[in-house]
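Q: I am new to this structure and would like to learn how its features get their labels. Could we go through it step by step?

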Amino acid sequence: MNRPSSAYEQFRQDALKQLTLRGKVEPPYQISYTFYMKGKMDTDLDNMIAGVNDILQEKGIITNDKAIMRYPNSVKIPGQSDWKTVLEIEHYAPDTIEAS
């Protein structure tokens with residue numbers, strides 16, 4: 001069994017306190033992530049997204065991470081003075097999405 005690292009567990013606790021819902025978004029979802037990373041830290045983007053998805057589901061902001069259909073414009077930006085994660089959750093409507 002994999003146990004979360006102490007760093008992730010601290011991140012999880014902090015995120016659960018800070019996350020606020022600014023309106024209900026119905027599934028399916030598309031979520032854009034911007035991860036501002038402190039110093040020279042470098043982590044896999046997909047691992048960061050998966051961790052936040054679990055927290056969003058735990059907090060009840062999304063119903064299920066399986067309902068996330070798209071991650072447009074998701075990026076990580078290393079070399080920052082502090083950590084910050086910004087995300088935008090929208091209803092995924094494939095007929096209104098431009099082909100990229």
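Q: How many aromatic pairs does the structure hold?
A: The structure holds 3 aromatic pairs. Before we look at them, please note that this is a predicted model, in which local features need pLDDT of at least 70 and side-chain atom pairs count only at pLDDT 80 or more, while totals for chains, interfaces and linings use all residues. Residues are numbered from 1 along each chain as its sequence is written, and side-chain values use heavy atoms, leaving out hydrogens and water.

Q: What makes Y8 and F11 an aromatic pair, and why is it called tilted?
A: Rings of Phe, Tyr and Trp (its six-membered ring) pair if their centres lie within 6.5 Å; planes under 30 degrees apart count as stacked, over 60 as edge-to-face and the rest as tilted. The centres of Y8 and F11 are 6.3 Å apart and their planes make 45°, so the pair is tilted.

Q: Where do Y8 and F11 sit relative to each other in helix α1?
A: They are 3 residues apart in α1 (residues 6-18), which means about one helical turn separates them. Helices here are DSSP runs (H or I, at least four residues), as are strands (E, at least two), numbered from the N terminus.

Q: Why is Y8 called partly exposed?
A: Buried means under 20% relative accessible area and exposed means over 50%, with partly exposed in between (1.4 Å probe, protein chains only). Y8 has 24%, so it is partly exposed. F11, with 34%, is partly exposed too.

Q: What makes the pair of Y33 and Y71 tilted?
A: Their centres are 6.2 Å apart and the angle between the planes is 40°, so this pair is tilted. Y33 lies in strand β1 (residues 29-38) and Y71 in the loop between β2 (68-70) and β3 (75-80), so the pair ties together parts that are 38 residues apart in sequence.

Q: Is Y33 buried or exposed?
A: Y33 has 0% relative accessibility, so it counts as buried. Y33, F35 and Y71 form one aromatic cluster.

Q: Why does R12 count as buried, and what does its side chain meet?
A: R12 has 17% relative accessibility, so it counts as buried. Its side chain makes a polar contact with the side chain of E58, at 2.5 Å. A polar contact is a pair of N or O atoms within 3.5 Å; within protein, one must be able to donate a hydrogen and the other to accept it, and residues adjacent in sequence count only if both atoms are side-chain atoms.
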